[in-house]
Amino acid sequence: APFEAWLVLRGIKTLALRMQRHNENAMHIAEYLQHVKKVQHVYYPGLSTHPQFELAKKQCSGFGGMISFDVGSLEKAKKVVESAKIFSLAESLGGVESLIGHPVTMTHASVPKEKRLKMGLTDGIVRLSVGVEDVEDLIGDLGYALDQI
């Protein structure tokens with residue numbers, strides 16, 4: 001439809017700038033999370049500790065804005081997602097706003113636990129869709145949310 005086409009054309013003009021900011025923010029946040037004692041594991045292909053880091057480096061010009069991290073339990077993960085203020089609790093992703101979600105109770109709630117665990121999706125995993133806001137504000141928000149557990 002004409003309106004949707006106009007929205008696509010309008011968005012394409014700033015796509016490169018937005019993707020650059022998503023990548024930069026996500027890398028800073030992933031590096032920050034690696035040093036938080038309450039975080040057991042960080043899943044982000046831009047980290048050299050990721051099992052597919054070398055492959056991602058070859059195939060990608062950036063590593064994107066999606067990060068997952070494990071805080072160890074269902075209760076802790078729920079507390080983190082409920083405590084975030086800048087990151088909005090949502091199942092969506094890919095917008096300019098930063099979003100936080102808990103896959104086990106949201107996007108994968110209907111998947112049996114045994115299957116989730118086989119996929120590596122533990123109860124303590126939190127997922128971020130990192131937006132374009134100021135990265136220090138985002139890190140501060142995550143620090144606050146993690147301090148609640």
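Close-up 1. The partners sit 19 residues apart: Tyr44 in the loop between β1 (41–43) and α3 (53–59), and Phe63 in the loop between α3 and β2. Helices here are DSSP runs of H or I with at least four residues, and strands are E runs of at least two, numbered from the N terminus. Tyr44 is buried at a relative accessible area of 1%, while Phe63 is partly exposed at 22% (buried is under 20%, exposed over 50%, partly exposed in between; 1.4 Å probe, protein chains only).

**Close-up 2. Ser68 and its neighbours.** Look for Ser68 in strand β2 (residues 66–70). With 18% relative accessibility, Ser68 counts as buried. Leaving aside residues up to four places away in sequence, Ser68 touches His41, Val42, Tyr43, Ile125, Val126 and Arg127 (contact: heavy atoms within 4.5 Å).

**Close-up 3. Leu7 on helix α1.** Leu7 belongs to helix α1 (residues 2–12). This leucine is partly exposed, at 32% relative accessibility.

**Notes for all views.** Residues are numbered from 1 along each chain as its sequence is written, and side-chain values use heavy atoms, without hydrogens and water. As this is a predicted model, local features need pLDDT of at least 70 and side-chain atom pairs count only at pLDDT 80 or more, whereas totals for chains, interfaces and linings use all residues.
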